[in-house]
Amino acid sequence: MKNASLLLDDPGWIITLKALIVFIVCVVLTIMSVWGERRIVARMQMRVGPNRVGKFGLIQALADGVKLALKEDLIPAAADKVVFIIAPIISATAAFMAFAVMPLTGPVNFFGEETVMQLTDLPVGVLYVLAIASVGVYGIVLAGWSSGSTYPLLGGLRSSAQVISYEIAMGLSLVAVFIYSGSMSTSAIVQAQQETWWYGLVLFPSFVIYAISMVGETNRAPFDLAEAEGELVGGFHTEYSSLKFALFFLAEYVNIIAVSALATTLFLGGYHAIPGLGFTEQWLGGWFTLIWFFIKVLFFFFIFVWLRGTLPRLRYDQFMQFGWKVLIPVSLFWILVVATLRVISTTGQSRVVTFGFASVVVLVVLGISTAFENSKNKRTSAVHPEPVAPDFAVPSLPSEIRTINVSQQGGNRG
Amino acid sequence: MQPLLTIQGPEAALFWFLAPLAVAAALGMLLVKKAVHSALLLAWVMITLAIFYIAQDAVFLGVVQVIVYTGAVMMLFLFILMLVGVDSSDSLTETITGLRPIAITAAVGFGGLLVSLLGRATLGREPIGLEIANTAGNVQGLAELLFSKYVWPFEVVSALLITAALGAMVLAHHQRTNPRPTQREQAISRFRSGSLAGAAGLPGPGVFARHNAVDVPALLPDGTPAPTSISATLKARGDVLDSGQFQLDNVDTTVVEEK
């Protein structure tokens with residue numbers, strides 16, 4: 001483990017400085033990503049977005065933050081005061097802590113010390129991120145409970161159920177990565193990907209499952225049921241205002257960055273350059289890897305924004321069904337396949353065995369999907385029988401559906 | 001007599017900072033009245049224990065303790081507590097006479113037994129074997145033992161847990177006598193029922209620009225209140241305002257708009 005030995009001889013002041021840098025990076029990224037999200041979503045909705053405060057509206061989010069901090073801080077009479085104050089603190093603290101194990105760069109020269117930009121390198125780093133995420137949910141659940149009103153409570157309930165279900169799928173999607181890399185440490189996983197391919201390609205199903213459950217885990221659209229504006233007013237943070245609300249806001253965005261960073265580390269090769277551009281890693285004395293890391297993280301962030309701009313919110317029962325009846329069984333099956341393939345390859349079996357196993361897997365998947373499709377067809381035809389012709393006059397159906405090209409027709413508006 | 005444990009430096013500081021907090025939280029868990037506070041304090045005790053595990057080189061155990069116990073089990077606990085009731089506090093009346101002295105005796109006895117046994121086993125002895133156990137790495141060492149020497153107990157416990165989970169599901173499950181109608185079927189049945197009055201959904205309560213609370217019936221175009229716009233629950237409670245006071249006839253419309 002190269003990173004661990006590099007980190008071991010860090011003097012105290014470097015560790016302190018790194019912690020400070022991680023904190024500052026998270027806060028600045030939050031402010032910038034709020035601005036970025038508003039601009040991107042605005043583009044997607046054919047608006048302009050914030051463009052008044054600063055160049056391109058760049059410090060709009062900062063101005064909003066200051067405004068938020070200066071608002072009146074209300075605590076409802078029915079609230080459980082202590083828990084009401086603790087909840088946003090838990091949420092925000094946990095969000096920052098996840099960043100401690102993320103390897104942001106390769107070996108670099110940091111004020112004369114050879115080190116890596118990673119606060120600490122635990123042998124179970126990825127599990128540590130999961131643990132911290134599960135503590136962070138306490139903030140949301142407790143906020144919902146302690147507000148002493150109905151909508152926040154419903155939001156808190158939803159959130160706890162949601163996180164329990166999607167954390168299972170998330171954990172299972174990580175198992176395949178552990179099996180392939182032979183480690184649970186973030187830096188070792190990055191290293192292992194450098195020796196083979198990115199796990200986003202090798203373990204594509206795991207990547208997809210992780211990507212879905214990370215959206216569920218961060219309470220973002222289309223899985224933002226805990227704060228569904230249309231149903232629950234503001235969900236768990238309905239009763240919050242001023243700095244406490246700002247903490248929840250901060251926690252949400254830091255969480256997004258953190259799960260994106262984890263996805264980058266586990267599936268997209270971490271701080272390494274994309275294959276073929278490996279020579280760039282030496283630029284700026286190794287600091288260019290930081291830029292690669294943030295390019296990948298911002299790519300995931302863009303996906304988050306894209307999802308929010310595109311998809312409507314799921315209904316709660318559909319969401320739960322999807323988690324329990326699709327994601328978890330699929331990940332279990334995939335782990336089975338990966339583990340078997342891993343055993344085949346480590347025991348040095350011939351290619352024939354590998355291909356034989358792979359074809360059996362493909363056949364099983366095809367069989368399951370065909371059976372599923374058949375039963376679905378049968379069910380829908382049973383539930384919705386062909387309507388009998390009514391005994392009164394009805395207009396004939398249009399023979400073909402006309403499509404209207406919106407972009408051309410709306411071309412000369414306004 | 002040897003020194004109890006050779007902990008120095010940061011680990012000692014960590015211990016003397018967290019241990020009193022953990023004990024205080026554990027006592028608080030027994031003494032607070034609200035169930036949610038109890039659960040929270042228990043979660044705190046679990047997290048401090050996890051930190052101790054990590055400080056003693058059992059990294060995997062510490063992290064898994066947080067994921068499984070704090071993250072999943074306590075979260076389910078909180079879920080149930082919230083479902084049961086937000087404000088439910090423990091009742092302090094004894095339902096069975098003499099229960100309290102019996103419980104206290106049993107608890108003190110059990111605690112004394114644990115302390116004396118663990119104390120006899122560990123006090124005055126140097127802990128050994130940590131380096132040997134962790135030679136291949138903490139996780140690898142655990143995995144090696146779990147899947148070789150202890151594979152049978154491991155499988156038995158997992159079978160037991162699965163049986164328990166299935167049993168709970170069977171006990172909690174109830175069979176629907178008729179299939180649940182889908183949204184599509186509900187929409188169709190609304191249109192095929194006797195009247196089309198409710199087909200597009202019932203009117204919402206409140207009067208636009210005058211009063212939009214849920215306890216005020218909406219006004220129909222002719223100015224009469226729409227009874228279907230009020231929730232049946234509010235009606236049963238008698239919490240319905242008279243919409244007459246918001247009727248257009250009674251409202252003073254002679255206000256001159258400021259230019």
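Colleague: Let's start with L127(A). Which residues does L127(A) touch, leaving out those up to four places away in sequence?

Modeller: Keep in mind that this is a predicted model. With residues up to four places away set aside, L127(A) has one listed partner in chain A, M184(A).

Colleague: Where does the largest share of the side of chain B that touches chain A come from?

Modeller: The contact takes 22 residues from chain A and 20 residues from chain B. On the chain B side, the elements giving two or more residues are helix 2 (35–55), helix 3 (59–84) and helix 6 (138–146). The largest share, 14 residues, comes from helix 3 of chain B.

Colleague: By class, how many nonpolar, polar and charged residues are on that side of chain B?

Modeller: We're still on the side of chain B that touches chain A, to which chain B gives 20 residues. By class, that side has no charged residues, four polar ones and 16 nonpolar ones.

Colleague: Over to chain A, then. Why does A61(A) count as buried?

Modeller: A61(A) sits in helix 3 (residues 60–69) of chain A. Its contacts, not counting residues up to four places away in sequence, are I31(A), V34(A) and W35(A). V34(A) is 27 residues away in sequence, yet the C-alpha to C-alpha distance is 6.2 Å. A61(A) counts as buried because its C-beta neighbours inside 10 Å number 23.

Colleague: What should helix 9 of chain A span, and how far apart are its end C-alpha atoms?

Modeller: Helix 9 of chain A covers residues 204–217, which makes 14 residues. At 1.5 Å a residue, the helix should span 20 Å. That agrees with the model, where the end C-alpha atoms are 20 Å apart.

Colleague: What covers the buried residues of helix 9 of chain A?

Modeller: The buried residues of this helix include F207(A), I209(A), Y210(A) and E217(A). Just after helix 9 of chain A, N219(A) takes a positive phi of about 60 degrees. The cover over the buried residues includes helix 5 (125–146), helix 6 (150–181), helix 8 (199–202), helix 11 (242–267), helix 12 (288–310) and helix 13 (316–346) of chain A.

Colleague: In the hairpin of strand 1 and strand 2 of chain A, which residue takes a positive phi?

Modeller: Strand 1 (residues 107–110) and strand 2 (residues 113–116) of chain A run antiparallel, joined by four bridges. P107(A) stands opposite V116(A) in strand 2 of chain A. Two residues lie between the strands, and the one with a positive phi, near 50 degrees, is F111(A).

Colleague: Last one: what percentage of the residues of each chain count as buried?

Modeller: Chain A comes to 15 helices and two strands, while chain B has nine helices and two strands. Among contacts with a separation of 6 or more, residues 24 or more positions apart account for 76% in chain A and 48% in chain B. As for burial, chain A has 414 residues, of which 41% are buried. Of the 259 residues of chain B, the buried ones come to 14%.

Definitions and conventions. Residues numbered from 1 in each chain as written. Chains lettered and ligands numbered in written order. Predicted model: local features only at pLDDT ≥ 70, side-chain atom pairs only at ≥ 80, totals over all residues. Buried ≥ 20, exposed ≤ 12 C-beta atoms within 10 Å, placed from the backbone. Contact = placed C-beta atoms within 7 Å. Nonpolar A, V, L, I, M, F, W, Y, C, P; charged D, E, K, R; others polar. Expected span 1.5 Å × (residues − 1). Pairing = 2+ DSSP bridges.
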